[in-house]
Amino acid sequence: MLNTKYLDLLAQKYDSEEKVVTEIINLETILELPKGTEHFVSDLHGEYQAFQHVLRNGSGNVKVKIRDLFKNELGEKELNEFATLVYYPEEKLQLIKSHFSSKQELREWYIEMIERLLKLVSYASSKYTRSKLRKALPKQFVYIVEELLYKTDEFSNKKDYYAKMVDQIIGLGQADKLIIGLAYTMQRLTVDHLHVVGDIYDRGPDPHKIMDTLIDYHSVDIQWGNHDALWIGAFSGSKVCLANIIRICARYNNLDIIEDVYGINLRPLLNLAEKYYEDNPVFRPKRISGEILTEQEQLQITKIHQAISIIQFKLESPIIKRRPSFEMEDRLLLEKVDYDNKTATIHGITYALENTCFATIDPEQPERLLEEEQQVIDKLLFSIQHSEKLARHMKFLMKKGSLYLQYNGNLLIHGCIPLEENGEMKRMEVEGKSYAGRELLDVFEQYLRQSFANPDETDDFATDMVWYLWTGENSSLFGKREMTTFERYFIKEKETHKERKNPYYYLREDEEMCRKMLEEFDLDPDHGRIINGHTPVKEIDGENPIKANGKMLVIDGGFSKAYQSTTGIAGYTLLYNSYGMQLVAHQKFNSKEEVLSNETDVLSVKRLVDEELERKKVRETNIGSRLLQEIESLKSLREHRYME
């Protein structure tokens, strides 16, 4: 029985039988429309420009629609120029307009472009309701565009009417605004819903711009990545997560994100670093080609990098000791160092240490923070928790995010489902209870949300658990035996740098294993797929992102410039429309300016993952399930209120 109070609320909106019936008819007919296009991206790592391009061209979907519609009218050069206008309308308009020698030529071009864009918008919106299209139209031109889109000229009665409308748009100087608005409408219509399968933050320079874009995007969900959880943890009160994000920003020369974007004062940390640290080659910032740093800037970052790394290592130890269920005692590395001989004994083997920076470490109490270090990390935490911009971004991550998502029959997950070598779900004890598989991931998410809700609690179990998600063996976001940051900084032997992956990462090649994991999350193994990020696909070595006979799709191909030398490409994305799925591999994105001048899409091969035997309808989607529930509620309202 539906709750009476719910029916009362529903009756306030639908206060007559006619309104109820109209909405039932509306929803029932929407169920018969083709499902909208889903767009999957992953591991963006702050690469805003590359992400923007993929978003604007819909992973090539915009070009497909342009080619389908105008292949018999336009040559290849014209198709490319028009596509670039749709991607970057403001910039391309200025470039094109500069080539016209007379107002008449420009006027004729305006008429042609407006007509072409109207055709394209009409074509792209054919599977949407008029109401949904109206929401996508440029607000200031909704009435005009609707008139032009739905014009009926068969009797020529309104021919002059439509011509005058376009003429007035041009004459009143509104043509640029209309073209720009129609271009953005086209971008929006091409993708119905965006999935971000983790890792918006770290490495690249502009994660904040990605977050602003997502906040304004019309329909999006996020599956947290390990780097996203790290930022959430820092904002939630984890000092060790905070140390990690600053260390990573220093490593990739991105401290501007901390200081200039989010307003965190790094001066106390710099003062500490200047006092205790010198130049150190292993701590110098990584630089992408073209980046310029003065010697002084490089030296300051190098010192900050060392200072925050040592603070991080110190902060890890108390957590490991107070949380025996984390089983991380072998990572108490500061206690395994012989500070006189500069060696460390790890897994029973003694290694020489290089490039050490242990000036603030007391060998008798290696985990103890100096009073200065404690003051620095406390000030940093206060600043980060009082950053309005970061608060807005983190709240959005929590609102739209989750550790995993079941959507339209597929499982979206950034990292892994921890497994044993025999394929059983790996168990972990959490506060006296044992969990595995989906239950374990639900527990992880519960604690992450609890930590976020209680930012003043900095040493509680929930906050420690967020750090465990970043670095723990059983974490679904990390998926490795141990994080060897200490070894990579201080030990020359490469074998100590290796991070042993969870068996998930080779078992996911097996179709039966993937079917088992889909069943664990109550999904149909015959039709469902696991869509995964986190691990770069080394296409350069022949690795296939389509695994387990199509049951596993890995879409992290390397948006991050730091990975592109090993992956050979610049990222995978996935499209899922009513006809099936396509995986898209992207070539390296250099700049928006290059796209504007060369009119290239930076796309390579589209791989058909599958083809639907029957075109999938809205009825068969998550949205369809929700609409069916709404229809039942409306029918119940009609029966109990208007037919008594």
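Over how many bridges do strand 8 and strand 9 pair, and in which sense? Select residues 404–407 and residues 410–413: strand 8 and strand 9 pair there in the antiparallel sense over 4 bridges, where strands are DSSP runs of E of at least two residues and helices are runs of H or I of at least four, each numbered from the N terminus, and two strands count as paired if DSSP finds at least two bridges between them.

The model is predicted, so that local features need pLDDT of at least 70 and side-chain atom pairs count only at pLDDT 80 or more, while totals for chains, interfaces and linings use all residues. Residues are numbered from 1 along each chain as its sequence is written, and side-chain values use heavy atoms, with hydrogens and water left out.

Within this pair, Tyr 404 stands opposite Ile 413 of strand 9. Next select Asn 408, which lies in the turn of the hairpin formed by strand 8 and strand 9, with 2 residues between the strands, and has a positive phi of about 50°.

Strand 4 pairs with strand 5 (residues 343–346) over 2 bridges, and Asp 338 has Thr 343 of strand 5 as its bridge partner.

Finally, select residues 388–400 and residues 437–453, which are helix 19 and helix 20.

How values were computed
Axes fitted to C-alpha atoms, helices over the stretch in contact; angles between N-to-C directions.
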